[in-house]
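Please read it alongside the structure shown here.

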Amino acid sequence: MSKTRILVTGGTGYIGSHTTVELINAGFDVVIIDNLSNSNREVLDGIEAITGVRPAFIEGDVNDLSTLDCIFQAYPGIEGIINFAASKAVGESVQKPLLYYRNNLNSLMNLLEMVEKYNVKGFVFSSSCTVYGEPDVNPVTEESPIKPATSPYGNTKQISEEIITDTIRSGANFNAIILRYFNPVGAHPSALIGELPLGVPQNLIPYLTQTAIGIRKELSVFGNDYDTPDGSCIRDFINVVDLAKAHVIAVKRMIEGKSLDCIEIFNLGTGNGVSVLELIDTFESATGVKVPHKIVGRREGDIEKVWANPKKANEVLGWVADTPLADTMVSAWKWQQHLAEKKS
Ligand code: WQD
């Protein structure tokens with residue numbers, strides 16, 4: 001029996017590459033399109049080393065409709081799309097809003113055109129807890145109010161969800177599953193793929209591991225005067241492999257016609273709120289490696305505390321993010337060490 005073919009946009013990126021591994025492990029045939037603006041081709045070597053399979057890869061931009069058309073012609077029978085390709089740096093989006101609106105929204109609309117033209121059954125969209133803004137109540141459920149976005153990046157996620165919803169409501173014949181990620185962290189246990197920030201990392205974990213290995217002198221903790229037990233911000237740090245597995249379940253759900261509604265939304269988190277300072281402690285005790293850090297002023301736009309109620313995903317998808325945070329910290333550290341070995 002031929003394998004079910006899935007198009008993964010942004011498939012050489014952090015979450016895209018881990019999801020590609022899990023899709024291949026689950027028996028899917030994966031086609032990746034990525035413009036390598038925030039990743040590199042070597043990620044394909046890691047995917048192949050882990051799975052024994054090198055996915056089809058097209059270096060291209062999802063904003064280019066003709067490129068997409070060529071892919072659907074060259075790889076017939078694509079039944080599902082998982083859309084990771086998007087610009088995702090919160091701070092950069094404030095500096096370059098037009099780049100974010102054009103890239104993230106135009107690419108999505110191109111893909112939705114392909115869904116209709118080539119009768120794709122299922123569309124998985126990579127969304128974010130950022131749509132909840134600063135929640136009034138934690139943990140947040142899928143019914144928690146959507147707050148006005150605090151950045152163009154967050155706004156593109158909110159608008160994207162609306163574009164998908166309106167397209168389906170117009171009668172388009174496909175199902176969509178929107179996955180709202182909390183804070184993806186860690187790396188594949190093989191240490192052959194992981195988070196590859198280009199330049200100075202904006203996110204906490206890559207900056208933390210680069211500090212632990214000596215690339216950065218000191219980690220700045222952005223504020224300890226928040227209304228939290230230790231004063232630092234609280235997040236729901238979810239293991240990237242646990243997160244990837246949810247995508248496989250989601251795409252299977254739609255292809256097998258098990259969706260309860262033509263559009264479903266799920267929070268992907270652990271349900272545990274962990275502070276920045278607690279995370280540093282967890283890393284240090286799990287790895288035995290100290291992370292020099294100092295408290296500095298707050299970072300503009302930061303949410304004080306947000307963590308998920310993952311009950312809906314647990315019960316409806318039968319999925320749980322259960323990797324212990326300590327193990328996730330070890331995986332992040334092993335990946336950083338792997339990067340250092342590659343450089344030496
Ligand atoms: C986490 C916490 C910082 C760096 C954003 C997006 C989200 C997703 C992940 C794309 C905050 C603190 C950070 C540092 C620090 N984006 N921090 N020192 O902002 O929660 O989420 O990135 O997929 O959609 O909103 O993630 O890792 O930047 O910050 O103290 O050097 O760590 O203040 O409290 P964030 P983050």
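In this predicted model, a polar side-chain atom of Asp302 lies 2.6 Å from an oxygen atom of the ligand. This pair is a polar contact, a pair of N or O atoms within 3.5 Å. The table lists this contact with two others.

| Residue | Protein atom | Ligand atom | Distance |
|---|---|---|---|
| Asp302 | polar side-chain atom | oxygen | 2.6 Å |
| Ser220 | polar backbone atom | nitrogen | 2.8 Å |
| Asn183 | N or O atom in the side chain | oxygen | 3.0 Å |

On its own the ligand has 690 Å² of accessible area, and the protein covers 90% of it. Such areas come from the Shrake-Rupley method with a 1.4 Å probe.

Around the ligand there are 17 residues, of which Ser128, Leu204, Ser220, Arg235 and Asp302 come nearest. A residue counts as near if one of its heavy atoms lies within 4 Å of the molecule. By type, the shell holds eight nonpolar, five polar and four charged residues; Gly is placed with the polar ones. Strand E8 (residues 219–222) gives the most to this shell, with four residues. Strands are DSSP runs of at least two residues, helices (H or I) of at least four, numbered from the N terminus.

Ser331 belongs to helix H11 (residues 325–343). Is Ser331 buried or exposed? Ser331 counts as buried because its relative accessibility is 8%, where buried means under 20% and exposed over 50%. Leaving out residues up to four places away in sequence, Ser331 touches Gly186 and Ala187, with contact meaning heavy atoms within 4.5 Å.

Residues are numbered from 1 along each chain as its sequence is written. Local features need pLDDT of at least 70, side-chain atom pairs count only at pLDDT 80 or more, totals for chains, interfaces and linings use all residues, and side-chain values use heavy atoms, without hydrogens and water.

Conventions: A polar contact is a pair of N or O atoms within 3.5 Å; within protein, one must be able to donate a hydrogen and the other to accept it, and residues adjacent in sequence count only if both atoms are side-chain atoms. Buried means under 20% relative accessible area, exposed over 50%, partly exposed in between (1.4 Å probe, protein chains only).
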